[in-house]
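Notebook open. I wanted to go through the chains one at a time and then look at where they touch.

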Amino acid sequence: MKPQLILLIAFGGAFLTYIFGKISSKLRDGAAVAISLALVAIFACLYGRPLQESFYWGFLGLNLSLRLDALSWFFAIAIVSLGALSIIFSLRYMRDRERTDFYYSMMLMVNAAMLGIVLSNDLISFYIFWEMMSWCTFLLISYNQHRALDAGMKYIIMSMIGSVAMLAGILSLYVSFDTLLIPQIASSLATASPGYVLFVLVIFGIAFGIKNAIMPLHTWLPDSYAEAPSPFTAVLSGMLTRMGVYGLLLITYVIGGMIGGTGLGSNVSKFNYVLAWLGALTIVVPTFIAMLQNDAKQLLAWHGIGQGGYMVLGIGFGVATANSLALAGGIFHTLNHAIYIVLLFMSVAAVQYRTGGVRDLNSLGGLVARMPVAFVGALLGISGLIGLPLTNGFVSKWMIYKALIIEGHPFLAFAALIGTWGTILSVYKFLHNMYLGQLPEKYKHLEKSPFSMQLPIAVLSSAVVLFGILPGIPLRVINKICTWLGFSSLDVTIWGFTSETGTLNTINLLAAIVVVSAVVWVLFHRAAKSVVVAQDDNYAAGAYVPRDKYHYTAGFYEPLFTMLRPYLRDVVDEFYTALAGAVRKSCGAVRRIYTGDVGNYVTYIILFLASLILVQLRWRPW
Amino acid sequence: MDRNQIAKWFKEPSKMANKYSLHAIYFCTGCGIIEVPPVITARWDAERFGVIPVATPRQANLFLITGYVSVKTLKAIIRTYEQMYEPKYTVAFGSCPINGGMYWDSYNTIKHLDKYIPIDGWIAGCMPRPEAIFVAVTHLWTLIDKGMANGYERYKKYYRAYRRNQELALGKLEWPPLYPIGEHTEGGECD
Amino acid sequence: MIEQLKRELEATFKGVSVTSEADRRITVVVDPLQALALLRFFKDRGFSHLALLSAVDLIDKHAFELVYVLTSYVEDTGEDAVPGELILVVKSMIPRDKPTFKSVISIYPNAEPYEREIHELFGIHFDGHPRLTPLFLERQYPIPPFRKDFDTRRYVEDVFGSIPAIGDEEG
Amino acid sequence: MVGRILQFILYPLVALAIGVFFLGLARKITARIQWRYGPPLVQPVIDMIRLFYQKSVSHGPVFAVGLIMSLAGSIVVVLFLPFGSICPLSGSGGLLVVLYVMLLAPMGIALSGGQGANPNISIGISRKLILALGYEVPFLLVLLTVMTHYNTISIVQVVEAQRDIGWSIASLPLFLSGVSYLLILPAMLGFRPFDVSTAPQEISSGPLVEYGGKYLLMATIEHALLLFIDIALFVNLFLGGAGNPIIFFVKMLIVFVLVLFIHAAFPRLRIEQAIRYLWKWPTALALAGLIIVTIGRS
């Protein structure tokens, strides 16, 4: 099974679904699901065997090659499985929408492009697939027309800036080492001057920073998450934005030679410290901005940025101090975040599907009675996001904190911990306003979410709990990635870590919690019976308040907002919009030069030639 | 605590616990509310008897009705009483809830509160003094001991009659009945 | 002060009797037709505060007497008057069998709850009142309760007395 | 092995007994300060027995599951804390795990209250979470100071380290964080100056509005355990956490009575005032302690 055959299947599948769509929608849905499940099967059985494929296409005299190793397998299996789940989810979600053929083929195309990135072994194919991914995302984000168009525009402008920066980096690498195969670059970079290495780091860092929405470069994310169709937002937030993390890991591999050989070059570790601090900043500020949002998807989008900060903090700090626990924590958090953010977006989409697109938190409420499965998914999703014990978020956060504290960086750890508390407040508001509280009259007869939506939610909820209780399963693969990147391997066991400065044992934790809750449940059950009452049989100081007379969840954290609101304006976004406005104004001024009559153009040319001659006479630059 | 007290604790803990931990909710009806603050504060400390004021009927098992009951207040009293859950006791202060007191011929007050919600203890007097309230609490203990403080069982047994009386006094009630009563059958016992 | 007011009133309204039983208190009795004009007259004089609107059931004269109590905040009710000290009481009688009167909300807006209360308790209808709905009472009464011919004892007997005690009627 | 199982069973019961004793003591001492006799010391036990037999109202499955989760979370945290020489779960998680398991309690009550669908509950929960955010800032700084100072994340090792170099509240940087911890202790325990989330007068006891018999029983048990947890954590981290449980209990008693006096004497703050206070003095002290520790370490 050669890698380019896999890519062929993926891209071919995308076109096939488009053609089938022309024939019949049922055939197209079946084909889309079949292809995505086939990809999952392929990667599942490719677990242990690294594949090396050197030449698959002569392109301008450069040989493009693909490879599959521990790092790319880890990301690939995540991409295909989340892709398959979101395709299954969107079967019912997109049923009565228009342009569904375009939608399905684009979804498969985006998955294929991401696979391409992860499998590519040289920078040109990496760049091609990167561009393809960006453009497919742009087309999918602007699927709902009107407001989604400018969200897509904002996205594509920023990611184009990133890819242009990457292109410049690739060209400079090609010019200095005249090879584009990543392993060869890694070896030749070891001998390069530290200044050049720092330049490569910064250039690629900007490209991957924009994609991973690190703090100053994050402004495209909230609008594009909110406006994209929900199943695609799940994929976008789950894996697509984490291609930036894959890129960062790639850089650590490329400069891997530096770590093994001369130890960490001072400026390389300095760059990664800056990255770690940016990650810490990205954890704190967006999480508190998330509290202000009244739109469910905006709130989750801001958390997407915040959690991205954990990954960057883990990886940046791990590389800066050659600490494999932090690096493993960062990688593991990427997987965990992918799982529970997709789960949360799917539960929001399920509610949207039933309530006709409503996602304003102040007008929903009490849906736990009507949509229990979506509620359980949301509950497990937010406990993963917070990092409650027995969920996967907890283990990866624990790894990052332990590394930070033992290495003696309490302020970074403090930023991360405060991020957790900010998450708790804003995420409880999300759950409370959407599922708990009073059920409004108009949703009294809301039916449950359809089975095709409940299946992905159930699968992902069990994944959240499974990786929380048995973190050893993914950690074994991550351990292989760390050793491949040149870091020391961790003594990982099935249930956590043993070390003298503090251990983690999730099995004992699970046993303790299960036994104790059983005891508490027995005590609870033996006490006097309780009567289940209707929602309006509520204490209201003796008065009877009928159902829809008041709704109390508006302005959930009002006292805190009045204090924090001046500090939480999105200054970066305002700066960018001001910049864009200034550019538009100046371009307007320049446009006046083209008056349209030929005489002016001739005078411009003569003036230009005169100035050239003058310069030549005066300073003789040539 | 003498010997048989402890034995009684083990024989019927729920009765003893109900006696010595009466969480009271008092509805500020009529003039009696002036008596409650001195009762629960420093001078006549009700907490010695285990009686503490609580905020909501859900947490309470003692309902103090302090003073005359106007027709409008009766609606709130019934609502509060129905939001409390077994075992619950009610004590009415003063002569107005007994038979109307000095408002016996007023068109706007409820004469015999017992017709609308079951009352376990009455305290006579046109606003009883705090000592009278403590006597009432101790009497309530003996009632609970003998099992005679069964207002809530009476309410459940004759709920249809109580509901009919309430609707005679107040017209149609907005909230559904507490216990299932068939709309068609008239008077008599409910299961 | 009172003579000067009496002269002005007799000049503008006919059949008006102005008396002053106590110091700083003037009672003006007027027939219902001119009552509104009189209130408007006093309002322009600076009596801008309608302290109270109440009714008296004179059952032997078969009439209701509406009593408007006015005071003023401004100086110019007379050369030595202190704000608010001079209390003016306007009375007018309306027949008991046709208890209707014009609402004074156009002159004194704060009369709205007073008129609702009097409507509820005396049964006097104020036409021109935006919403004459019940204010205090929970139940409907055959005769408005404050009227003298409303026998409260008999009402209490046959309304509350008729409600059977719990448990005894089942034997 | 039998000893360990016994520890697992007896330790939470001992913790509950101490917590309930503290509740009784609180009511007795507050009464004495207000010139009245106050209930017998065992009054909380009587209340709990009565609540056990009282019928109650439920608003749905989450109403009960949330409360069970919060009580289970508190009991599991108790298992992680060393009490004198006993510490059942010391081997499987340090201070970080305790910090995260302590999240279960407020989240559980917030979840179960959420389904109660009552405006008072919603206001109570939002105040509770805001107050929690308020005292978490200094609390996290304090924990980080202790962890960096002893370069470990396991409480047992912190206690052992203090055995030979004396109480950590004596050393300069940790004195600042110890004082900061004491300043935020009333907020963590929900005592008077900061009991904005369960204010009986303003929002008729906040999240507890719809709790009847057994629900109120679970809430009181959870509050009693919360008393034990926060004070035991303070004693372990700052007062050396004694060898045998008796001395440990005496230290806890002293700290509790200190906080109780503040509880009995102070009126309730508004939520904004509480946050402004919590983010001013305790945070400044904790930050100073952390800076001194990091400078000392690097």
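Ground rule before I start on strands: I call two strands paired if DSSP finds at least two bridges between them. Helices (H or I, at least four residues) and strands (E, at least two) are DSSP runs, numbered from the N terminus. I am working on a predicted model, where local features need pLDDT of at least 70, side-chain atom pairs count only at pLDDT 80 or more, and totals for chains, interfaces and linings use all residues. Residues are numbered from 1 along each chain as its sequence is written, while chains are lettered from A and ligands numbered from 1 in the order in which they are written.

**Entry 1: the sheet in chain A**

I looked up A:F497 and found that its bridge partner in β5(A) is A:L504. The two strands involved, β4 (residues 496-497) of chain A and β5(A), pair in the antiparallel sense over 2 bridges. They belong to an open sheet of 3 strands with the order β3-β4-β5 (chain A) and antiparallel pairing. Why is one side of β3 and of β5 in chain A left without a neighbour in the sheet? β3 (492-493) and β5 (504-505) stand at the edges, each with a single partner strand, so nothing sits beside them in the sheet on that side.

**Entry 2: chain A overall**

I count 24 helices and 6 strands in chain A. Its C-alpha atoms fill a box of roughly 100 × 65 × 60 Å, taken along the principal axes. I checked the radius of gyration (taken over C-alpha atoms; the globule rule is 2.2 Å times the number of residues to the power 0.38). A compact globule of 622 residues would come out near 25 Å, and chain A has 26 Å, which agrees.

For burial I use C-beta atoms placed from the backbone: a residue is buried if 20 or more others lie within 10 Å of its own, exposed if 12 or fewer, and partly exposed in between. Of the 622 residues of chain A, 54% count as buried. For contacts, two residues qualify if their C-beta atoms, placed from the backbone, lie within 7 Å. Among chain A contacts between residues at least 6 apart in sequence, 78% join residues at least 24 apart.

**Entry 3: one tyrosine**

A:Y273 is in helix α13 (residues 266-292) of chain A. Buried or exposed, or in between? It has 17 other C-beta atoms within 10 Å, so I put A:Y273 down as partly exposed. I also noted A:S324, which is 51 residues from A:Y273 in sequence and 15 Å away in space, C-alpha to C-alpha.

**Entry 4: chain C**

Chain C has 4 helices and 7 strands. From the N terminus on, I read its elements as α-β-β-α-β-β-β-β-α-β-α. Buried residues make up 20% of the 171 residues in chain C.

**Entry 5: where chains meet**

How many residues does each chain give to the contact between D and A? I get 66 residues from chain D and 59 residues from chain A. Helix α6 (residues 119-150) of chain D gives the most to its side, with 13 residues. The chain D side divides into 37 nonpolar, 23 polar and 6 charged. (Ala, Val, Leu, Ile, Met, Phe, Trp, Tyr, Cys and Pro count as nonpolar, Asp, Glu, Lys and Arg as charged, and the others, Gly among them, as polar.)

There is also strand pairing between these chains: β6 (residues 530-532) of chain A and β1 (residues 56-58) of chain D pair in the parallel sense over 3 bridges. In β1(D), D:S56 is the bridge partner of A:S530.

Last, chain B: 10 of its residues are in contact with 4 residues of chain A.
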